[in-house]
Amino acid sequence: MVEAGESAGYILDPERIPAELEPFKDRLSENFFEVRKRIINFIKEDIIPAMPICSRQYKEEIDKVKSRKPASPHEDPEHATHPVWAASPPIFDELRQKAKARGLYNFFLPEVGKLSVLEYAPICEILGAFGLCNVAMNCTAPDTGNMEVLEKFGTEEQKRQWLVPLLEGKIRSAYAMTEPGVASSDATNISATITRDGDEYVINGHKWYISGACRPECKVFVFLGRSGTSEQRHKQHSMILVPRDAKGVHIIRPLAVFGHIHDHAEILFENVRVPASHMLLGEGRGFEIAQGRLGPGRIHHCMRTIGTAEQALDAILHRVHQRVAFGKLLADQATIRQTIAEARMEITKSRLLCYLAAVQADDHGFKAAKGFIAMTKVDAPRICQKILDEAIQIHGAHGVSQDSHLTDLYHHVRHVRLADGPDIVHLNTIAKEELKRRSSVMGTSVSGVNKNVEKFGKFAHLPKPRARL
């Protein structure tokens, strides 16, 4: 437990909401303030004391996989005993039970937490800073997105078989979309096939960077593949549920992020057969489901990332009060103070943008808010990465050592700039929303017109250009 008088950090002050939330205070319910305090107390009383226990238990689970053999003839034996195959520490279940007892479980579902998107934003910031709390409350990706898909689009049988154990934290899941042979940021390129054969579907494909697929608790994939030849490009793909232990599912290897192996799998699907009842919503409706899944997922990524940015700034503040260079405490160096000031400004702006996107989603729905969600999806990881880089600079060699968590956070945040689409895809979404306005009286008057073009008519034969929006 955090000792009396010890600072718990800006993000764990139960009596003080972020200043950026003040303009939206009228939108905050009594439930939000009560829930936020309960979560902060949970972190101080249960999560923080559990952290060293979790680390110890995880090392014990790693020891158990040292004699593991490849589970498939296609699996790369080089990584057969890597820690990614280790089971979750037993304390995860203990903390889940404690979260349930406090009424803090499955809070990502609006009907459970009874929180608006805006109210969930500052909660997510806390969960981003304390990942173990995120696990304990069963609010981790990709499970949250997959559970939302099953909740919104699943049949009663699909919910019974997969959603219920996911909600109970008994199993985990993965989202199988990205492919190594095509530009998957344009999801219409996805080439894996889902072919109907009587009462079954036959699935063939090659996926990679499927997050969470290596962990033994993962039992099901939400799989995106091509199922038809409709003239409408966005009606050619479907989503289907594929059990991880289905015959023909081969995890080839865990994949690296910046050279460090993580729980992102490369998977081969060879003539995998699943019952026709595993189809989600219906053939050709994959992108319809995807939009329902990705809207909340993207904004949740951003909320958690702002919490990580706060971690990075707190690390800077801790370091600069401990070290002296060139005759001064680092905290007294003008360049260091500039870095701190700019970090706070960036977090403030990014947090406000995230809250604005949340308000737009609350008032108009995720589809209408897509431009604002795209802005925060680009901005939050970008500013967080910048602050982490400054934190590493200030920590010097220690910042890149195994004694610091800064490099782990840096790897993760750089990966977030690719998760749910790279920056350029979201920038394109923002630009298209702007370009729909085409022109205005103000734009025309400021841009100006060369009247001689029309007067002499030498360009009248040229077609008028039109952007593809």
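**View 1. Buried residues of helix α7 in a predicted model.** In α7, the buried residues are Gln158, Lys159, Trp162, Leu163, Pro165, Leu166 and Leu167. The model shown here and in the other views is predicted. The cover over the buried residues of α7 includes helix α6 together with β1 (172-176), β4 (218-226) and β5 (237-243).

**View 2. The span and the end of α7.** Between its end C-alpha atoms, α7 spans only 15 Å, whereas a straight helix of 12 residues would span 16 Å at 1.5 Å a residue. Gly169 follows α7 and has a positive phi, near 75°.

**View 3. Packing of α6 against α7.** Two packed helices are described by the angle between their axes and by the distance between those axes. Helix α6 covers residues 143-153 and helix α7 covers residues 156-167; they pack at an angle of about 145°, and their axes are 10 Å apart. The crossing of α6 and α7 is left-handed.

**View 4. Residues in the contact of α6 with α7.** On the α6 side, Asp143, Met147, Leu150, Glu151 and Phe153 take part, and they meet Gln158, Lys159, Trp162, Leu163, Leu166 and Leu167 of α7. By type, the residues of this contact are 7 nonpolar, 1 polar and 3 charged.

View 5. Ala99 is part of helix α2 (residues 91-101). Ala99 counts as buried because its relative accessible area is 0%, and buried means under 20%. Leaving aside residues up to four places away in sequence, Ala99 touches Phe42, Leu104, Tyr105, Ala136 and Met137. Lys114 is 15 residues from Ala99 in sequence, and the two are 16 Å apart in space, C-alpha to C-alpha.

Conventions:
Residues numbered from 1 in each chain as written. Predicted model: local features only at pLDDT ≥ 70, side-chain atom pairs only at ≥ 80, totals over all residues. Heavy atoms only, no water. Axes fitted to C-alpha atoms, helices over the stretch in contact; angles between N-to-C directions. Helix = DSSP H or I, 4+ residues; strand = E, 2+ residues; numbered from the N terminus. Left-handed = near helix turned anticlockwise from the far one by under 90°. Contact = heavy atoms within 4.5 Å. Nonpolar A, V, L, I, M, F, W, Y, C, P; charged D, E, K, R; others polar. Buried < 20%, exposed > 50% of the residue type's maximum accessible area, 1.4 Å probe, protein only. Expected span 1.5 Å × (residues − 1).
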